[in-house]
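Keep the structure open as you read.

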Amino acid sequence: MATVGLLPEPDSRQEASGQDLVLSQLSKRFTDFTAVDGLDLVIPSGSFFALLGPSGCGKTTTLRMIAGLEQPTSGSISIGGRDITATTPHRRPVNTVFQNYALFPHMSVLDNVGFGLKRRKVRDADAQAKAALELVELGHLGSRRPAQLSGGQQQRVALARAIVNRPAVLLLDEPLGALDMKLRRQMQTELKKIQTEVGLTFVHVTHDQEEAMTMADTVAVMNSGRVEQMGAPQELYELPRTAFVANFLGKSNLMPAEVTGESGGYLQLNAGGQHLQVRRDRATDHAGRVLIGIRPEKLRMLPGAGAPTAPGAPSDGAVEGTEAALRAVVLEASFSGASTEYLVEVEGIGTMGVFSQNRGAALAAPGDRVSLSWDADHAFGLRGDEDRLAGAGEDGL
């Protein structure tokens, strides 16, 4: 990988590079539909920021407003303290990489990368374009036409063309969506490396949860024009604060329960006659009806029915932070290579999903009786009035 030193210093028009992007009460309405609703975001300079959400959540409209391709209905956009809300697209210190690359087919790769520099009559445009191609490891293909490149190589050319202009903010609009899975995963790693080297602010729009979590420093999960939750990928996954985030960012088992007490920093819960626990600091509500969540891979499944728990009370020997075994029957088993996903029916609770890493023979088959347990420190608590199916089954297209 080439070093950032190969790239030219920004010219006077691009001194905004290295400054925060701020969206203040940003809204966009189309007749009777609100695409973005009062969005407040501060995207730190030099960060890799992802806007993640399903179709229609407002992420692409937000990106287009930052680029100047859509005018906000209300609110403001600023970079480095400079309000650019009414600034025309070509005068903003912003560049965009689109899913379809938008390369000029009649130009060489080198001329594609240097096109903007030459239009502005920047000195040493070819040298700067070559440096950008070296950064994306395509310096040896400068004389080729886009049609002679693979999809991944075309994506890198589009990235080099955007980076060479040294924008304050680089917008990525589903840039990996046209690639096959293997190449997409490779490019996820490469994009993060490039962002780290050039030190620019990347704002990445995607519906792909794995893509966002792999690359971004911060992820904002959007739903119906608003940010449901924002934070580091691991934080969002391990401790979602809404049912939508819990279901959209991976899979979750969400169980209705009633808080019956508190002991040692753990809420004591009754879920369909089963005793469960959750750490108080991992729950949004601490009384009344709640939803208790646990990720499928956090569950331990063992052959045999196990001992039932007494309604509303720990089983003998249960201690805070450890769940007693729950009885279940396997309904389905789906092999997926590295793991097997089981759908089980749990007494008093209903259906739950379990992921088990494949280390040999299958743990169970449909019809088998099993026991489930998990560490209460891995559970999380949500509001009881939430729709526990929110965010589940979103196609993200």
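## Aromatic pairs

Rings of Phe, Tyr and Trp (its six-membered ring) form a pair if their centres lie within 6.5 Å. By that rule, this predicted model holds 3 aromatic pairs. A pair of aromatic rings is described by the distance of the centres and the angle of the planes.

## A tilted pair: Phe48 and Phe202

The ring centres of Phe48 and Phe202 are 5.4 Å apart, and their planes meet at 55°, so this pair is tilted. Planes under 30 degrees apart would count as stacked, and over 60 as edge-to-face.

Where do the two residues Phe48 and Phe202 lie? Phe48 is in strand 3 (residues 48-52) and Phe202 is in strand 8 (residues 201-206), so the pair ties together parts that are 154 residues apart in sequence. Phe48 counts as buried, at 0% relative accessibility, and Phe202 is buried with a relative accessible area of 0%.

## A stacked pair: Phe244 and Phe248

Here the planes of the Phe244 and Phe248 rings are at 10° and the centres are 5.6 Å apart, so the pair is stacked. Phe244 and Phe248 belong to helix 8 (residues 243-248), and being 4 residues apart there, they are separated by about one helical turn. Are Phe244 and Phe248 buried or exposed? Both are buried.

## Charges over rings

Rings can also have a charged neighbour. The charged end of Arg161 sits over the ring of Phe104, 5.8 Å from the ring's centre. Likewise, Arg295 has its charged end over the ring of Tyr237, 4.0 Å from the centre of that ring.

Definitions and conventions:
Residues are numbered from 1 along each chain as its sequence is written. This is a predicted model: local features need pLDDT of at least 70, side-chain atom pairs count only at pLDDT 80 or more; totals for chains, interfaces and linings use all residues. Side-chain values use heavy atoms; hydrogens and water are left out. Buried means under 20% relative accessible area, exposed over 50%, partly exposed in between (1.4 Å probe, protein chains only). A charge sits over a ring if NZ of Lys or CZ of Arg is within 6 Å of the ring centre and within 35 degrees of the ring normal.
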